[in-house]
Amino acid sequence: MQNIPSVDLSDFLSNDPIRKEKFVNEIGNAFEDIGFVALKGHFLDQNLVEELYNEIKAFFHLPLETKKSYEFPENGGQRGYVSFGKEHAKGRKEGDLKEFWHFGQYVSPNSKYASEYPENIIVNELPRFNEVGKEAYQMLEKTGIYVLRALALHLGLDEFYFDNYAKEGNSILRPIHYPPITSEPENAIRAAAHGDINLITLLMGAQGRGLQVQNHNGEWIDAIAEEDQLVINVGDMLSRHTNNKLKSTIHQVVNPPRESWGTSRYSIPFFMHPVSDMPLNCLENCINNENPKQFEDITAGDFLYERLVDLGLIKK
């Protein structure tokens with residue numbers, strides 16, 4: 001099994017223009033080809049990573065009735081707990097074999113977006129849970145901003161093109177628990193084949209087999225990162241904005257071999273979203289005779305709403 005390309009953010013952050021250009025080319029080419037990279041040199045400290053895993057494992061081990069007290073379907077699952085099997089991939093009826101939590105954006109009360117974003121849900125049983133989640137959210141967001149700067153340069157845009165769209169964006173940090181499998185799943189896997197909605201996704205916890213990405217030949221490739229790496233992929237919003245120049249690759253989380261059914265899996269994706277009023281119109285410099293405009297104009301907020309309905313998190 002081939003693996004996904006590896007890049008080092010410290011190349012981009014260096015004051016060496018040759019190293020910076022190397023990173024821009026490597027990540028840009030990878031996102032035009034397979035749509036996934038493994039990235040090291042990010043801003044997540046290993047102690048923070050370990051503490052976050054400890055906190056989320058403690059949360060998912062709470063009694064079900066306690067977890068359900070933090071579930072608020074009226075916010076479309078955008079904050080707090082979403083219970084097992086509630087979410088399904090677009091076009092599927094079977095719920096994914098997972099439960100998860102959502103941390104959302106932290107904005108000042110005078111932000112123009114403050115009224116758009118639900119408040120984050122405080123877990124009373126775990127005094128460090130929300131503080132650790134917020135710190136991880138902000139370090140992943142910081143990493144994502146630099147990745148988007150590199151992609152802006154790759155696309156021939158101003159380096160800071162994405163900054164104002166992403167810095168107060170409707171981003172989500174989603175700790176996921178895939179519980180042990182206790183019986184033969186009926187046409188369900190831990191996360192069915194799907195593309196992400198957002199600009200880019202930064203994933204913690206892809207150190208073991210399970211996450212697979214689909215290449216252009218329709219073959220599934222294991223996406224396995226080293227301990228100090230994040231897996232980063234293009235979401236549908238960025239693919240749409242770049243007229244599919246950057247590829248939003250279909251991926252899935254498959255069930256483990258039967259001998260490993262008794263084990264849990266944890267992963268923590270950070271879904272980097274823009275602000276709701278960002279136009280996702282195809283960039284002019286990504287449209288030409290060989291690649292005519294493929295998508296209708298739409299804002300990020302309207303696109304997100306459509307997709308949350310598709311996923312079953314918002315009922316029309």
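## Aromatic pairs and the cluster

Rings of Phe, Tyr and Trp, the last taken by its six-membered ring, are paired if their centres lie within 6.5 Å. In this predicted model, Phe59, Phe60, Tyr70, Tyr81, Trp101, Phe103 and Phe129 form one aromatic cluster. The count of aromatic pairs by this rule comes to 16.

One of these pairs joins Phe59 and Trp101: the ring centres are 4.9 Å apart and the planes stand at 65°, so the pair is edge-to-face. Phe59 belongs to helix α3 (residues 46-60) and Trp101 to strand β4 (residues 99-102), so that this pair links distant parts of the chain, 42 residues apart. Phe59 has 1% relative accessibility and therefore counts as buried. Trp101 also counts as buried, at 1% relative accessibility.

Phe59 forms an aromatic pair with Phe129 as well; here the geometry is tilted, with 5.5 Å centre to centre and 35° between the planes. This pair again links distant parts of the chain, from Phe59 in helix α3 to Phe129 in helix α5, 70 residues apart. With a relative accessible area of 1%, Phe129 is buried.

## Charges over rings

Two arginines are placed over aromatic faces. Arg149 lies over the face of Tyr146, at 4.9 Å from the ring centre. Arg174 lies over the face of Phe100, and its distance from the ring centre is 3.8 Å.

## Packing of helices α2 and α5

Helix α2 (residues 17-33) and helix α5 (residues 129-154) have axes that come within 9 Å and cross at roughly 85°. An angle of 65 to 115 degrees counts as roughly perpendicular, and α2 and α5 are therefore roughly perpendicular to each other. On the α2 side, the contact is made by Lys20, Phe23, Val24, Ile27, Gly28, Asn29, Phe31 and Glu32. On the α5 side, Val147, Ala150, Leu151, Leu153 and His154 take part. Sorted by class, the contact of α2 with α5 has 8 nonpolar, 3 polar and 2 charged residues.

## Surroundings of Ser239

Ser239 is located in helix α7 (residues 236-241). Its relative accessibility is 5%, so Ser239 counts as buried, the limit being under 20%. Leaving out residues up to four places away in sequence, Ser239 touches Val234, Asn244, Leu246, Ser248 and Phe295. Ser239 and Ile200 are 39 residues apart in sequence, with a C-alpha to C-alpha distance of 9.5 Å.

## Surroundings of Pro118

Pro118 is found in the loop between β4 and α5. The relative accessible area of Pro118 is 28%, which means that this residue is partly exposed. When residues up to four places away in sequence are not counted, Pro118 touches Asn75 and Arg79. Pro118 and Gln105 are 13 residues apart along the chain, and their C-alpha atoms are separated by 8.8 Å.

## The chain overall

The secondary structure of the protein chain comes to 8 helices and 13 strands. Of its 316 residues, 55% count as buried. Among contacts in the protein chain with a separation of 6 or more, 78% are accounted for by residues 24 or more positions apart.

Technical notes. Residues are numbered from 1 along each chain as its sequence is written. This is a predicted model: local features need pLDDT of at least 70, side-chain atom pairs count only at pLDDT 80 or more; totals for chains, interfaces and linings use all residues. Side-chain values use heavy atoms; hydrogens and water are left out. Axes are lines fitted to C-alpha atoms, for helices over the stretch in contact, and angles run from 0 to 180 degrees between N-to-C directions. Helices (H or I, at least four residues) and strands (E, at least two) are DSSP runs, numbered from the N terminus. Angles under 35 degrees count as roughly parallel, over 145 as roughly antiparallel, 65 to 115 as roughly perpendicular and the rest as oblique. Contact means heavy atoms within 4.5 Å. Ala, Val, Leu, Ile, Met, Phe, Trp, Tyr, Cys and Pro count as nonpolar, Asp, Glu, Lys and Arg as charged, and the others, Gly among them, as polar. Buried means under 20% relative accessible area, exposed over 50%, partly exposed in between (1.4 Å probe, protein chains only). Rings of Phe, Tyr and Trp (its six-membered ring) pair if their centres lie within 6.5 Å; planes under 30 degrees apart count as stacked, over 60 as edge-to-face and the rest as tilted. A charge sits over a ring if NZ of Lys or CZ of Arg is within 6 Å of the ring centre and within 35 degrees of the ring normal.
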